[in-house]
Amino acid sequence: MRRAFLIVMDSVGCGGAPDAASFFNGHLPDTGANTLAHIAQACAAGRAEDGRSGPLRMPNLDALGLGATIRLASGAATPGFNAMPTGLWGAATEVSKGKDTPSGHWELAGVPVPWDWHYFPDTKPAFPQELMDKVAQLAGTGGTLGNCHASGVPIIEEHCAEHMRTGWPICYTSADSVFQIAAHEETFGLDRLLKLCRDLAPTLHAMRVGRVIARPFVGNSGNFSRTANRRDFAIAPPAPTLCDWVSKAGRKVYGIGKIEDIFSGRGISDVRKGTDIALFEHLMALSSEAEDGSLTFANFVEFDSHFGHRRDVSGYAHALEWFDRMAGTFMSSLRPGDFAIFTADHGNDPTWAGSDHTRERVPVLGHGRGARGVGLVAFADVGASVAEHLGVPSQGPGNSFL
């Protein structure tokens with residue numbers, strides 16, 4: 001029996017989304033955003049020299065067809081990406097009305113989102129008072145801090161001292177459909193933070209807010225750091241996904257990184273978490289340990305969380321080059337009959353305005369199914385193709401490109 005590895009490079013888009021003009025960073029539409037092409041162009045022009053140097057180097061994924069994929073998706077110039085594809089390659093277009101993590105992952109797994117997400121206004125306060133009262137009640141505190149759109153590091157810095165003095169949770173959101181709560185792991189308590197987010201999640205999910213995110217940190221004002229104990233409490237998918245299809249067939253489904261959180265645990269047999277470095281160690285272990293017929297579904301989030309939102313081109317480029325080296329090692333460890341797909345859930349162009357995700361097509365790069373282009377496909381086609389490879393019925397709208 002064959003195995004499948006579905007690997008999501010969080011936010012590694014390749015431009016060209018036909019509806020990009022309907023999505024915005026502030027007042028600027030996402031038309032023309034292109035995460036991979038713009039990073040490659042910045043590197044070639046010497047504008048990404050912090051911690052790395054020279055043109056963007058991703059020979060392993062380019063050999064599968066990465067450069068050809070970017071050109072297919074958007075027509076953009078890709079300096080240094082000139083390999084003749086030796087793998088399966090194409091680009092996928094999303095139909096869900098969000099450029100966020102759940103929308104992208106669910107649709108890749110065969111379930112487009114059938115509703116409009118709720119987004120909080122970019123005002124201060126951003127949240128209704130009754131919601132803030134609910135947070136304080138569940139936390140057992142006299143109030144809350146934040147209540148605005150913000151990036152995690154600046155808002156923790158702003159409220160760290162007061163949070164540690166009062167115990168009031170720091171609440172904030174972004175352009176995504178999220179409600180985030182930051183709290184100190186020691187003075188507030190990690191278990192207490194996770195319980196607060198878990199208890200609050202049904203209220204937010206009823207509003208069609210996609211995720212309640214626990215953002216724990218340690219240290220003190222001026223010297224704090226967020227920890228790897230982040231937890232996303234996501235609304236459940238509206239229909240069975242690829243994970244459910246595979247598990248219903250009696251197969252093992254391994255979730256690496258945020259996958260368990262994104263799918264609310266549904267259809268996931270085994271969970272592996274950690275930093276991206278640790279996650280690749282889990283992926284390498286499963287390349288030898290995963291059973292025949294199993295699905296390994298992985299999300300590598302740090303492209304997005306560490307570099308995309310912070311508009312750090314050098315950091316993003318360095319992470320891509322590290323990932324490419326690891327991907328080469330991983331592919332060389334696979335068995336005959338294994339199928340690995342490298343893809344993404346949305347874009348987050350670090351050269352773009354604002355700090356939000358960008359609406360883009362995403363790469364679809366396959367190892368283990370020969371060398372051929374599959375053209376422009378749908379996100380849902382990825383899940384259908386993985387299901388076909390594993391020999392399990394596909395229950396979504398996607399069509400296999402195998």
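Trainee: Which residues does Asp 10 touch, not counting residues up to four places away in sequence?

Mentor: In this predicted model, Asp 10 sits in the loop between β1 (4-9) and β2 (24-25). Contact here requires heavy atoms within 4.5 Å. Not counting residues up to four places away in sequence, the residues touched by Asp 10 are Thr 101, His 105, Lys 258, Asn 299, Phe 300, Val 301, Phe 303, Asp 304, Tyr 316, Asp 345 and His 346.

Trainee: Is Asp 10 buried or exposed?

Mentor: A residue counts as buried under 20% relative accessible area. The relative accessibility of Asp 10 is 0%, so Asp 10 is buried.

Trainee: Why do the residues of the UniProt annotation "binding site" gather at one spot?

Mentor: The annotation, from an unreviewed UniProt entry, covers Asp 10, Asp 345 and His 346. In sequence they span 337 residues, yet they gather at one spot because no two of their C-alpha atoms are more than 7.1 Å apart.

Trainee: With which side chain does the side chain of Asp 345 make a polar contact?

Mentor: Asp 345 lies in the loop between β14 (339-343) and β15 (362-367), and is buried at a relative accessible area of 0%. Among the residues that Asp 345 touches are Asp 10, Thr 101 and His 105. At 3.5 Å, the side-chain partner in the polar contact is His 105.

Trainee: What is the distance of the polar contact between the side chains of Ser 96 and Glu 107?

Mentor: Ser 96 belongs to the loop between β4 (88-93) and α4 (101-108), and is buried, with a relative accessible area of 2%. The residues touched by Ser 96 include Glu 107 and Arg 359. For the side chains of Ser 96 and Glu 107, the polar contact is 2.5 Å.

Definitions and conventions
Residues are numbered from 1 along each chain as its sequence is written. This is a predicted model: local features need pLDDT of at least 70, side-chain atom pairs count only at pLDDT 80 or more; totals for chains, interfaces and linings use all residues. Side-chain values use heavy atoms; hydrogens and water are left out. UniProt positions are given in the numbering used here, feature names are shortened, and annotations may be inferred rather than shown by experiment. Helices (H or I, at least four residues) and strands (E, at least two) are DSSP runs, numbered from the N terminus. Buried means under 20% relative accessible area, exposed over 50%, partly exposed in between (1.4 Å probe, protein chains only). A polar contact is a pair of N or O atoms within 3.5 Å; within protein, one must be able to donate a hydrogen and the other to accept it, and residues adjacent in sequence count only if both atoms are side-chain atoms.
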